[in-house]
Amino acid sequence: MAYAIMRTEKIKSVGNAVASLQHAHRERETPNADPDRMKDNEILKSVDYEAFTAQIEASRTRRETGGANDNVVCVEVFLGFSNEYWQGK
């Protein structure tokens, strides 16, 4: 049986956004990841953390209305598919 999973999460600080990217790219300790399978990971685009941080900060400067410090700086999206989904594609 084929299946797909989609998860979204609001990220409310630049530090958390960078940490999320580091987790996804396995650049920090990730206890739930099997280290023997890291060779199977496919990175579609590398990350320039400095440019990423600057882009978020520039966006926050333009949109902040003052006072609120719980603004969402980005949304993380995870898409996962079963092996059966990819068969024949």
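Is Y85 buried, exposed or partly exposed? Y85 counts as partly exposed, because its relative accessibility is 30%. Buried means under 20% relative accessible area, exposed means over 50%, and partly exposed lies in between (1.4 Å probe, protein chains only).

1. Ground rules. This is a predicted model: local features need pLDDT of at least 70, side-chain atom pairs count only at pLDDT 80 or more, and totals for chains, interfaces and linings use all residues. Residues are numbered from 1 along each chain as its sequence is written, and side-chain values use heavy atoms, with hydrogens and water left out.

2. Overall layout. The protein chain has 3 helices and 2 strands. Along the sequence they run β-α-α-β-α. Both kinds of element are DSSP runs, numbered from the N terminus: helices are H or I with at least four residues, strands are E with at least two.

3. The protein chain has 89 residues, and 13% of them are buried. Take the contacts with a separation of 6 or more: 74% of these join residues 24 or more positions apart. Contact means heavy atoms within 4.5 Å.

4. The core. The largest nonpolar core has 6 residues: I11, V14, A17, V18, I56 and V73. Helix 1 (residues 14–24) gives the most to this core, with 3 residues. Such a core is a set of buried Ala, Val, Leu, Ile, Met, Phe, Trp, Tyr and Cys residues joined through side-chain atoms within 4.5 Å. Look at A17: leaving aside neighbours within four places in sequence, A17 is in contact with I11, F52, I56 and C74.

5. The aromatic cluster. F81, Y85 and W86 form one aromatic cluster. Rings of Phe, Tyr and Trp (its six-membered ring) pair if their centres lie within 6.5 Å; planes under 30 degrees apart are stacked, over 60 edge-to-face, and the rest tilted. The count comes to 3 aromatic pairs. F81 and Y85 are stacked, at 4.7 Å centre to centre and 25° between the planes. F81 and W86 are edge-to-face, because their planes stand at 75°, with ring centres 5.2 Å apart. W86 is partly exposed, at 47% relative accessibility.

6. The surface patch. M6, V75, V77, L79, F81 and W86 form a nonpolar patch on the surface, with about 620 Å² of accessible area together (Shrake-Rupley method, 1.4 Å probe). Patch residues have over 30% relative accessible area and no salt bridge, and nonpolar side chains are joined within 5 Å. A salt bridge puts a side-chain nitrogen of Lys or Arg within 4 Å of a carboxyl oxygen of Asp or Glu. Strand 2 (residues 74–81) gives the most to the patch, with 4 residues. F81 lies in strand 2, and F81 is partly exposed at 33%.

Definitions and conventions. Patches are made of residues with over 30% relative accessible area and no salt bridge: like charges are joined within 9 Å, nonpolar side chains (Val, Leu, Ile, Met, Phe, Trp, Tyr) within 5 Å.
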